[in-house]
Amino acid sequence: MDEFELEDNLEFILQSIQELMEDQGENNAFGDANQNELFASLVNYDHENMLPDVSAADVAAGKDMQGIPWEKMLFGREQYREMKMKNYRNYQNLSYAREDALLECKQVEKDSPYYDFHYNTRRARPSIVHFQLRNLVWATTKHDVYTMHEQSVTHWSSLDQRSTELINADDCIVPKQRGHGAQSVAMVQVTTMAVDSNLLVVGGFQGEVICKRLDDDGVVFSTRVTDDENAITNSLEIYQDPSGSRRLVAANNDCSIRIFDTEHFDLLKHYVFPWSVNSVSVSPNGKLFAVLGDHEDGLVVDPKCGKAIGSLRGHLDYSFASAWHPDGNIVATGSQDTTCRLWDVRNLSQSVAVLGGRMGSIRCVKFSSDGRFLATAEPVDFVHIYDSYADYGKSHEIDLFGEIGGLSFSPDTEAFYVGLADQTYGGLIEFTKRHQHHYLNSLW
């Protein structure tokens, strides 16, 4: 995984528009605007005064769900979208034509929304430390969401409309539980996180793992899993193994995955792979891992021994996200080649479907708990929700502007959250499930 900061997307769009103006001369779509005016229109940052939250009532009255004042901009939403679609440069580690990656993509019909906009809060806007890691939003109920902003790991309550800091990663963190490899950590740059039941776990840029029980003050366990120079904690997952014990698995840039118990945080297993491991996800029964990394192919691994029992061959670039359908047979993988592939673990000879993104890599992948929906997020702007009941042939596309920090269905599937990291127009956006009350129609 390459270690460099996020490119300034707005700067890039500004440059693209300026080039278009120069190419078209008097016929340019933006009139006589100069570069300073364009920059002010695009960025419009106000560090002192945060923009207000946006409600469903605001949107019903015509306000943009992100609060972007398109009527005051030098160009409209459609123009901005067209320009960004034309000029966005997706990051690739390997050399290939994007058209080749899209050859097998399924034709997907844009369906009516499955989730409706409900609320956008600025008070829980996520921040992104590493441009390839976007798993920074976790909903444990339809009202409780965990994310991180700068170095603050926070809990957002949509009922109380309040954000509460749980961990300040800039502080010196001293774990309550000593021994078992525990050590204090400080100045942690949070790269990834996971929340399940009563346990919150965050990973850091230098291989840190920090564990907090939500019903207790302080941090129960922290450590650095490796002293390797290339140590980033890329993904974390809390799961139940076949014996019923709770486990934590961490994937790191030192080509390793490590399995810990979640009571004493003993290191139980340590497996090494030929490449940096960017993502590990666990099947619902705890018997299989999907392991993805700095290679086109992924692996299906037996966690008891760390041996690969199958390969996931088809992507053209590195992959950073995966998720299992609740039935345990289907695993979805998201790649920098701008596709999400679906695999049936009973026959891994080829993927059963390929779903293409609009502009960029697929950096976050989540299934709803009932298996009805598969959500994927691109690095910027686009979230796709596919209907598994329609064999993934229908989708709800959410069109936004900004870097996407993560997404999450609530366990009851009633809420869906998207975190946008844009400095001005970012926020934690809540959508509510649309219910089709067909039985009411029969009364008329």
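Residues are numbered from 1 along each chain as its sequence is written, and side-chain values use heavy atoms, with hydrogens and water left out. Because the model is predicted, local features need pLDDT of at least 70 and side-chain atom pairs count only at pLDDT 80 or more, whereas totals for chains, interfaces and linings use all residues.

The protein chain holds 6 helices and 29 strands, taken as DSSP runs (H or I, at least four residues, for helices; E, at least two, for strands) that are numbered from the N terminus. Of its 444 residues, 57% count as buried, where buried means under 20% relative accessible area, exposed over 50% and partly exposed in between, with a 1.4 Å probe and protein chains only.

A nonpolar core is a set of buried Ala, Val, Leu, Ile, Met, Phe, Trp, Tyr and Cys residues joined through side-chain atoms within 4.5 Å. The two cores compare as follows.

| Core | Size | Residues named |
|---|---|---|
| Largest | 32 residues | Most contacts inside it: Val153, Met193, Leu200, Val201, Ile210, Cys211 and Leu248 |
| Second, separate | 20 residues | Including Val54, Cys364, Ile404 and Ile429 |

Leaving aside neighbours within four places in sequence, Leu248 is in contact (heavy atoms within 4.5 Å) with residues including Val201, Cys211, Leu236, Ile238 and Phe260.

In helix H4 (residues 77-87), Tyr80, Arg81, Met83 and Lys84 are buried. These residues lie on the same side of H4, because they cover an arc of only 165° around the axis, the arc being that of the directions from the helix axis to the C-beta atoms. The face of H4 turned away from that buried side carries the exposed residues Glu78, Glu82 and Lys86.

His143 sits in the loop between strand E4 (137-139) and E5, and is partly exposed at a relative accessible area of 24%. Not counting residues up to four places away in sequence, His143 touches Trp156, Ser157, Ser158, Leu159 and Tyr417. The C-alpha atoms of His143 and Glu414 are separated by 9.9 Å, although these residues are 271 apart along the chain.

The lining of the largest cavity consists of Tyr119, Thr121, Trp156, Ser158, Gln161, Tyr417, Leu428 and Glu430; a cavity is a set of points, on a 1 Å grid over the protein atoms alone, where a 1.4 Å probe fits but cannot get out, and lining residues have an atom within 4 Å of a point. Strand E3 (115-121) and strand E29 (427-433) each supply at least two residues of that lining.

Notes. 1 Å grid on protein atoms, 1.4 Å probe; cavity = no way out; pocket = protein on both sides within 12 Å on 5 of 7 lines; lining within 4 Å.
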